[in-house]
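Student: I have a model open. How should I read its main features?

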Amino acid sequence: MTTPQKPIASGFGAHSTADEVLSGIDLTGKLALVTGGYSGIGLETTRALAKAGAHVVVPARRPETAAEALAGIDGVEVDRLDLGDLDSVRDFADRFLATGRGIDIVINSAGIMACPETRVGPGWEAQFATNHLGHYALVNRLWPAIERGGGRVVAVSSGGHRLSSIRWGDVQFEQDYDKWQAYGQAKTANVLFARHLDTLAAGRGVRAFALHPGGILTPLQRHLPKSEMVALGWIDEDGKPVDPTGFKSPEEGAATQVWAATSPALDGLGGVYLEDCDIAVPAEGDTRGGVRDYAVDPEQAARLWALSAELTGVDAFAG
Ligand SMILES: NC(=O)c1ccc[n+]([C@@H]2O[C@H](COP(=O)([O-])OP(=O)(O)OC[C@H]3O[C@@H](n4cnc5c(N)ncnc54)[C@H](OP(=O)(O)O)[C@@H]3O)[C@@H](O)[C@H]2O)c1
């Protein structure tokens with residue numbers, strides 16, 4: 001059942017676009033749910049899936065902003081959801097389940113990056129809580145609809161997962177908060193989540209994937225001062241990319257998650273980390289690509305699932 005971290009020569013690459021990977025794929029009659037589907041690569045994901053015929057549900061922390069961003073795209077529905085608030089996650093899931101619809105595609109694209117130390121809920125570190133725990137609770141609460149759809153769940157992680165494994169002794173960064181280490185941990189959690197969900201769900205007809213979309217200039221960088229982005233070599237003093245070829249466009253950035261959600265080449269596979277529209281290789285040494293062993297380790301994946309169940313009080317697969 002375990003899919004190896006080995007490319008499959010998909011025929012797509014770093015510069016493929018979401019529309020290109022959907023070429024020839026008809027999503028008429030399919031329902032997709034895209035968190036963060038109104039900004040950055042999420043917005044482009046929504047646009048491409050809707051263009052291919054899917055009905056797309058976009059749960060939004062700012063529904064009015066989402067409705068504005070999505071105006072003019074047919075087949076899209078906006079609802080309210082704050083991933084940092086488990087009551088909001090429960091309420092959204094209850095409203096959705098009450099409609100009796102199944103979900104064919106879930107794409108967890110919402111995220112925050114490198115924010116100043118912020119606490120949500122019962123004092124949880126905001127990046128771990130929003131990027132991981134909120135999505136964990138959302139998928140578990142929506143599981144009856146996801147199982148009915150029998151499709152795929154896609155966790156949008158990042159190459160930033162290579163910055164940190166799970167800090168088992170201090171998951172909530174009660175000591176020594178570091179905004180990049182916290183982002184790295186949260187993005188490792190996204191990969192481990194997909195790994196264990198796939199283990200639990202494959203036998204019930206649902207597969208899960210994680211991925212790095214590439215580097216794309218979007219509102220995700222909102223917490224980074226310009227000086228830091230200049231020092232990182234991303235932009236110049238005028239705010240322009242130093243190396244425009246080093247960044248993907250939003251159309252390219254959305255491609256890997258759309259490919260993960262729809263490609264027939266991934267039928268029968270799951271639990272793996274993707275990048276550039278293919279299965280990624282294991283990361284070795286000080287590499288810029290690939291997936292770290294700790295992020296796809298089945299024991300850590302099961303341990304994170306158990307911790308997430310304990311923290312959120314939800315586990316669709318318990319018992
Ligand atoms: N851009 C990159 O270079 C890059 C690289 C690697 C990985 N990624 C990953 O790709 C994903 C999408 O990033 P992006 O570049 O598209 O960022 P983005 O433009 O900032 O979009 C992120 C979305 O997440 C939503 N969100 C944030 N907190 C939320 C909450 N508490 N509840 C509900 N929604 C919330 C935002 O809503 P609001 O606008 O209302 O806050 C926004 O719609 C993220 O998971 C990110 O980690 C991006």
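Tutor: Start with secondary structure: the protein has 11 helices and 10 strands. Helices (H or I, at least four residues) and strands (E, at least two) are DSSP runs, numbered from the N terminus. This is a predicted model: local features need pLDDT of at least 70, side-chain atom pairs count only at pLDDT 80 or more, and totals for chains, interfaces and linings use all residues. Residues are numbered from 1 along each chain as its sequence is written, and side-chain values use heavy atoms, leaving out hydrogens and water.

Student: What does the radius of gyration say about the fold?

Tutor: It is taken over C-alpha atoms, and the globule rule is 2.2 Å times the number of residues to the power 0.38. For 319 residues a compact globule would have a value near 20 Å; the protein has 18 Å, which agrees. Its C-alpha trace spans about 50 × 40 × 40 Å along the principal axes.

Student: How many of the residues are buried?

Tutor: Buried means under 20% relative accessible area (1.4 Å probe, protein chains only). Here 54% of the 319 residues qualify.

Student: Now one residue. Is Gln185 buried or exposed?

Tutor: Gln185 is buried, because its relative accessible area is 0%. Gln185 lies in helix α7, residues 179-201.

Student: Which residues does Gln185 touch?

Tutor: Contact means heavy atoms within 4.5 Å. Not counting residues up to four places away in sequence, Gln185 touches Phe128, Ser164, Ser165, Ile166, Arg167, Val171 and Phe173. The Gln185 side chain also reaches the backbone oxygen of Val171 at 2.8 Å.

Note on methods:
Buried < 20%, exposed > 50% of the residue type's maximum accessible area, 1.4 Å probe, protein only. Polar contact = N/O pair within 3.5 Å; in protein donor to acceptor, adjacent residues only side chain to side chain.
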